[in-house]
Amino acid sequence: VPSGGFSGGGVYLSGGLLLDCAIQGNSVPFSGGGGGIRVAGGTVRNCLVCRNYVDWSGAGISMVGGAVENCTIVTNQGGVSAAGVFQGGGGLTNCVIYFNAVGNYSGAGAVYSCAPELGSGTGNLTGDPRFRSLALADFRLAPDSPCVNAGTNLSWMPGAKDLAGQLRVAATRVDMGAYERPENGSVFIAR
């Protein structure tokens, strides 16, 4: 649903926890930021942020504080730069920021994340994250994704679930993004 505000078209977060959400199809007009989410404080965790729009930058997420952890930020559209994430403050960990129009990431301080613009930083990757199907908007990681077991484990992860309800750490290290790749040989029972 398009927003009439100037920042945080889907969500404006200034504290607390935004957990396990899909933020999609939102917009911010003019020179606002955060077509999907504007993060001024608090934590965004295990979220999919896609198909959001902003005229300026930060169509997916615009950060001035807070933290973004294990999110997948894809296919957002921005007018000037950093359609995926514009980071002016706060911390970004274990995120996949890819396939956004007019740049994926602008800022400093991202760690254990994947975006073409992340040439340096602890644990960062720049190559294609290899989703199961970009064309079908299946943003789970393919078996050969470089983002599998490439994140850093955080204190909240033991026993936690990913966006799809699977254990957040399926092997010894967490995957980057909102979805954890099940270990080979896992059996799932549909209910």
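**Cysteines, a parallel sheet and salt bridges**

The sulfur of Cys147 lies 3.9 Å from the closest cysteine sulfur, which belongs to Cys114, and this is too far for a bond. The structure is a predicted model. In it, the count of disulfides is zero, three strands form an open sheet, and five salt bridges are present.

**Cysteines**

- A disulfide is a covalent bond between the sulfur atoms of two cysteines.
- The cut-off for such a pair is a sulfur separation within 2.5 Å; the 3.9 Å between the sulfurs of Cys147 and Cys114 is therefore too far for a bond.
- Cys147 is buried, its relative accessible area being 0%.
- The number of disulfides comes to zero. Cys50 takes part in none, and the nearest cysteine sulfur, in Cys47, is 11 Å away from it.
- Cys50 is likewise a buried residue, with a relative accessible area of 1%.

**Parallel sheet**

- The open sheet consists of three strands in the order E3-E6-E10, with parallel pairing.

**Salt bridges: Glu180 and Arg168**

- Among the five salt bridges is one between the side chains of Glu180 and Arg168, at 2.9 Å from N to O.
- This pair links distant parts of the chain: Glu180 and Arg168 are both in the segment after strand E17 (138–141), 12 residues apart.
- Both partners are buried: Glu180 has a relative accessibility of 6%, and Arg168 has one of 0%.
- Elsewhere, salt bridges with shared partners join Arg132, Asp138 and Arg140 into one network.

**Salt bridges: the network**

- The side chain of Asp138 meets that of Arg132 in a salt bridge, with an N to O distance of 3.7 Å.
- Asp138 also forms a salt bridge with the side chain of Arg140, where the N to O distance is 2.7 Å.
- Asp138 is buried, with 16% relative accessible area.

How values were computed:
Residues numbered from 1 in each chain as written. Predicted model: local features only at pLDDT ≥ 70, side-chain atom pairs only at ≥ 80, totals over all residues. Heavy atoms only, no water. Buried < 20%, exposed > 50% of the residue type's maximum accessible area, 1.4 Å probe, protein only. Pairing = 2+ DSSP bridges. Helix = DSSP H or I, 4+ residues; strand = E, 2+ residues; numbered from the N terminus. Salt bridge = Lys/Arg side-chain N within 4 Å of Asp/Glu carboxyl O.
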